[in-house]
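Subject: Structure for you, with notes on salt bridges and a helix pair

Hello,

Here is the structure I promised to pass on. Please have it open while you read the notes below.

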Amino acid sequence: MDEAKKMNDLVRKLLNLNQIEFGSNSLDLSRFDLSLMIENKLASLRIMFEKKQIRLSYEPCGSMFVWADELMIEEVFGNYISNAINHVPDGGRIRIWCRQTGGCLRVHVYNDGKNIPGEDLDKIWIKFYKVDKARTREYGGSGIGLSIVAATMKAHGKAYGVSNEPEGVDFYFDLDTEPGLTC
């Protein structure tokens, strides 16, 4: 049953990625409260944080409205937070915060897990690419999540990325706070 569920999830993710990459999944742009979306997602993952004794630090963006496809952005954030949970050590820290610059909002998801080797930083966005194949097997990662992030953010025409920090890894993505602005 577990293997069938994993296979079903993988096929669903691949179909979703294919639709985004080939433009057959049109954006449904709307104005929504990003803070509310983040808070709901974090609440749904509370048990996972408790199970690994993760110290979650969330600096609310306030009531921050953005223009994007809400379901797609929820998946982007969900992929970032799932990766953070999977890569942070037990008792580790995940920090989420936002920074606004003009009409652009940058969302950060940081975890104090191991740095990504420099030669792998650009490759993690490639379908099925895994930095640590043995570790990925532990939590059932498929190497699809970050490719969905890349395709989604490209479809939105917005920046996304990752940087190694002295004590962890910081993933980010940008969204417009006003329609038609370019970040």
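Asp176 is buried, at a relative accessible area of 8%. Please keep in mind that this is a predicted model.

Asp176 has a charged partner. Lys158 makes a salt bridge with it, and the closest N and O atoms are 3.0 Å apart. Lys158 sits in the loop between α6 (145-156) and β6 (160-165), while Asp176 is in strand β7, so the bridge ties together parts that are 18 residues apart in sequence. Lys158 also counts as buried, because its relative accessibility is 12% and the cut-off for buried is under 20%.

Some background: side chains of opposite charge can pair when their charged atoms come close.

Strand β7 carries another bridge. Asp174 pairs with Arg106, with 2.6 Å between the closest N and O atoms. Asp174 belongs to strand β7 (residues 168-176) and Arg106 to strand β5 (residues 104-111), so this pair joins parts 68 residues apart in sequence. Arg106 is partly exposed, at 27%.

Next, Arg95 and Glu59. They form a salt bridge too, and their closest N and O atoms are 2.8 Å apart. This pair links distant parts of the chain. Arg95 is in strand β4 (residues 93-101), and Glu59 is in the loop between β2 (55-58) and β3 (65-69), 36 residues apart. Arg95 is partly exposed, with a relative accessible area of 21%. Glu59 counts as partly exposed as well, at 28% relative accessibility. Arg99 joins in: Glu59, Arg95 and Arg99 are linked in a network of salt bridges.

How many salt bridges does a search of the whole structure find? The count is six.

Now the helices. Helix α2 (residues 34-44) and helix α4 (residues 70-87) have axes that come within 11 Å and cross at roughly 45°. The two are therefore oblique to each other. The crossing of α2 past α4 is right-handed.

Which residues meet there? From α2 come Leu34, Met37, Ile38, Lys41 and Leu42. From α4 come Glu70, Ile73, Glu74, Phe77, Gly78 and Ile81. The residues of this contact divide into seven nonpolar, one polar and three charged.

Best wishes

Technical notes:
Residues are numbered from 1 along each chain as its sequence is written. This is a predicted model: local features need pLDDT of at least 70, side-chain atom pairs count only at pLDDT 80 or more; totals for chains, interfaces and linings use all residues. Side-chain values use heavy atoms; hydrogens and water are left out. A salt bridge is a side-chain nitrogen of Lys or Arg within 4 Å of a carboxyl oxygen of Asp or Glu. Helices (H or I, at least four residues) and strands (E, at least two) are DSSP runs, numbered from the N terminus. Buried means under 20% relative accessible area, exposed over 50%, partly exposed in between (1.4 Å probe, protein chains only). Axes are lines fitted to C-alpha atoms, for helices over the stretch in contact, and angles run from 0 to 180 degrees between N-to-C directions. Angles under 35 degrees count as roughly parallel, over 145 as roughly antiparallel, 65 to 115 as roughly perpendicular and the rest as oblique. A crossing is left-handed if the near helix is turned anticlockwise from the far one by less than a right angle, and right-handed if clockwise. Contact means heavy atoms within 4.5 Å. Ala, Val, Leu, Ile, Met, Phe, Trp, Tyr, Cys and Pro count as nonpolar, Asp, Glu, Lys and Arg as charged, and the others, Gly among them, as polar.
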